[in-house]
Amino acid sequence: MGNFERYLSLWVALCIAGGVLLGNLAPQAFGQIAALEYANVNLVVGVFIWVMIYPMMVQIDFASIKDVGKKPKGLVLTLVMNWLIKPFTMAALGWLFFKVFFAGWVDPQSANEYIAGMILLGVAPCTAMVFVWSQLTKGDANYTLVQVSVNDIIMVFAFAPLAALLLGVSDIHVPWETLLLSVGLYVVLPLVAGVLTRRSLERTGEPRQLQQFLARLKPWSMIGLLATVVLLFGFQAQTILNQPMIIGLIAIPLLLQTYGIFAIAYGAAKWLKLPHNVAAPACMISTSNFFELAVAVAISLFGLHSGAALATVVGVLVEVPVMLSLVYFANKTRHWFPTPNASSSESSGASS
């Protein structure tokens, strides 16, 4: 790991501070960038996330993807966490904090909206950023792609009824444009570009060309991450400074949810004896959220300036620094897991 990656958490912290500062110094500029969106997907942020994901997609080896289905424990782990555990623990934590612990500080109507926003985050598993977390933990690129793709397919059918159940409403309008655009922008397009790039490099007959190309792309992936952080915090800079207490209150159960879900998933992965390059991405997928979808649904159900929309935005702000801390922890505990070559139960022989 180079010095730049070694101190990535420091650069992210500086970008968070820089985003908040710039967002308050030049709110109109960030407002104009924020307005460049379609179906609640900001196109500028989308480009930066695309830059982050593309290097990992170049690593995808379709010849190895067929082996993933033969070794399903990592896939089963993330599906159980995402659809049978995570939504319900998020709903329980939201209720516990805003109906019990924080009941004297927040009015009942706002409390209900904050809980709703957190539930929407819990019901929407991540589609985009998880590729970055997988790359940073040297995850199996092929396995991660399958995990994300299967989650996306399930989300098409399960998101609306599960959200309706937990929110106690009869009809959830799924913003299909947001869902399909995000999947296309963050999975399909970079995957196609990555496959075409890989094939082009393999035709040269020089195996080292692929690794050299990935080495050149690596800094751009991190630059894309840092630029995304600046924009996300710049967009919400005034909200952060105007409502620090509410943001802090919402962040507490979100932090407990994130670290708690990761701990459960990581413990289960260790118990299942998954290799680290499958275990780490599986736990990252189980932990992170599809914030574009959650924000879009919160706005459609409760309004742009509602407590639910604010809660989903806090989820966005919390995710990057928290997930980086989990990346650090996962890398430090790599020795807890069998190596891919030593494992007879799960590895799919991926490149990393």
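These notebook entries record what I looked up in the predicted model.

**Ground rules.** I worked from a predicted model in which local features need pLDDT of at least 70 and side-chain atom pairs count only at pLDDT 80 or more, while totals for chains, interfaces and linings use all residues. Residues are numbered from 1 along each chain as its sequence is written, and side-chain values use heavy atoms, with hydrogens and water left out.

**Entry 1, the salt bridge.** I searched the whole structure for salt bridges (a side-chain nitrogen of Lys or Arg within 4 Å of a carboxyl oxygen of Asp or Glu), and the search found one. Its partners are Arg198 and Glu202, whose side chains meet at 3.0 Å, N to O. The two residues are about one helical turn apart, because they stand four residues apart in helix α10; helices here are DSSP runs of H or I with at least four residues, strands are runs of E with at least two, and both are numbered from the N terminus. I then looked up the accessibility of each partner, where buried means under 20% relative accessible area, exposed over 50%, and partly exposed in between (1.4 Å probe, protein chains only). Arg198 is buried at 12%, whereas Glu202 is partly exposed at 46%.

I noted a nonpolar surface patch of about 540 Å², made by Ile153, Val156, Phe157, Trp176 and Leu180. A patch of this kind takes residues with over 30% relative accessible area and no salt bridge, and joins nonpolar side chains (Val, Leu, Ile, Met, Phe, Trp, Tyr) within 5 Å, while like charges are joined within 9 Å. The areas come from the Shrake-Rupley method with a 1.4 Å probe, and for residues only the protein chains shown count as cover. Helices α9 (141-167) and α10 (176-202) each supply at least two of the patch residues, and α9 gives the most, with three. Trp176 lies in α10 and is partly exposed, at 41% relative accessibility.

I used a 1 Å grid over the protein atoms alone: a cavity is a set of points where a 1.4 Å probe fits but cannot get out, a pocket is an open set with protein on both sides within 12 Å along at least five of seven lines, and lining residues have an atom within 4 Å of a point. Grid points are joined across faces, edges and corners, and a volume is the space filled by probe spheres set on the points. The largest pocket holds about 970 Å³. Its lining has 32 residues, of which Phe235, Gln236, Val295, Leu304 and Val313 are the closest to the centre. Elements giving two or more lining residues include α3 (27-34), β2 (41-42) and α11 (207-235), but α16 gives the most, with six.

I counted three cavities of 30 Å³ or more, and the largest cavity has about 120 Å³ of space. Among its 14 lining residues, Leu254, Thr258, Thr287, Asn289 and Glu319 are the closest to its centre. Two or more residues come from each of α6 (73-101), α7 (108-122), α13 (244-271) and α16, and α16 again gives the most, here four.

I found Leu249 in helix α13, where it is buried with a relative accessible area of 6%. The C-alpha atoms of Leu249 and Phe97 are separated by 8.5 Å, although the two residues are 152 residues apart along the chain.
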